[in-house]
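I opened the notebook with two topics in mind.

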Amino acid sequence: MRPHHIERVLFPEDVIARRVEELAAEIARATPDPDLCVIGILRGSFVFLADLIRCSHRHGLRPRLDFMLLHSYGGGTVSSGEIRVLRDIDLDVRGRDTLIVDDILDTGRTLAFAAARARERGAARVRTCVLLDKPARRAVPITADFVAFPCPDEFVVGYGLDYDSLYRDLPWIAAVTFTDDTRDSTAIAAARSPSEVPP
Ligand code: XMP
């Protein structure tokens, strides 16, 4: 793990909550059949997905839920380009309206892979939803159907997103600033309560 700070909050907790509520309403308006299959991409989407499905319940959706565990990043900040399936779709999506939910759309490889897998499994319609859309390094031509926030070309953590398995618990989304200083990054990781990192 490289020395870094996570002091710059990009999306505070209240902003995320309001946008997720709006996004759930958008999805519900565009989904006449409430019997939707929702496939979350682990691990990064779990916090977003948990909030999104509870908001979508208020808007009348009753999704069946499943998860894929896909791996493309190793422990670092650059995609390896190769997607490994650590857990595949188990739910029967044949003939069903299916929504793939991920944390962030970056090169596009993960979302394109997951959408193709749902189509292979016979889903009637496959749409995609991401918390963050980072278009700067897109390698695969894919556009998400639903996006909570556009994201600058920075490595971001929090609200489910990690750096080396840390920071998924942050209630907000922050940019990681990599430094050359010799401060112990474990100590930096510990200094991240709301009072120390104002939104
Ligand atoms: P691709 O490149 O396949 O990437 O579109 C999607 C997956 O890459 C991870 N990713 C990130 N994770 N901060 C993270 O914590 C980031 O800034 C970031 N960019 C990409 C993420 O797991 C996502 O599912």
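For this entry I take a polar contact to be a pair of N or O atoms within 3.5 Å; within protein, one must be able to donate a hydrogen and the other to accept it. The model is predicted.

**Arginine entry.** I looked up Arg-168 with that cut-off in hand. A polar atom of its side chain lies 2.9 Å from the backbone oxygen of Gly-160. I placed Arg-168 in the loop between β8 (156-157) and β9 (173-178). Is Arg-168 buried or exposed? Its relative accessible area is 17%. Buried means under 20%, so Arg-168 counts as buried. I then listed its contacts, leaving aside neighbours within four places in sequence. Arg-168 touches Arg-43, Gly-44, Phe-46 and Val-47, and also Gly-158, Tyr-159, Gly-160, Leu-161 and Asp-162.

**Ligand entry.** I counted 16 residues around the ligand. Asp-103, Thr-107, Gly-108, Thr-110 and Val-156 are the closest. Next I checked distances to ligand oxygen atoms. For Thr-107, a polar side-chain atom lies 2.5 Å from one. For Gly-108, a backbone N or O atom lies 2.8 Å from one. For Asp-106, a backbone N or O atom lies 2.9 Å from one. I also noted the area: the ligand taken alone exposes 500 Å², and the protein buries 92% of that.

Which elements give two or more residues to the shell around the ligand? I found β5 (97-105) and α3 (109-120). With 4 residues, β5 gives the most. I sorted the shell by type: 6 nonpolar, 3 polar and 7 charged residues.

Notes. Residues are numbered from 1 along each chain as its sequence is written. This is a predicted model: local features need pLDDT of at least 70, side-chain atom pairs count only at pLDDT 80 or more; totals for chains, interfaces and linings use all residues. Side-chain values use heavy atoms; hydrogens and water are left out. A residue is near a molecule or strand if one of its heavy atoms lies within 4 Å of it. Accessible areas come from the Shrake-Rupley method with a 1.4 Å probe; for residues, only the protein chains shown count as cover. Ala, Val, Leu, Ile, Met, Phe, Trp, Tyr, Cys and Pro count as nonpolar, Asp, Glu, Lys and Arg as charged, and the others, Gly among them, as polar. Buried means under 20% relative accessible area, exposed over 50%, partly exposed in between (1.4 Å probe, protein chains only). Contact means heavy atoms within 4.5 Å.
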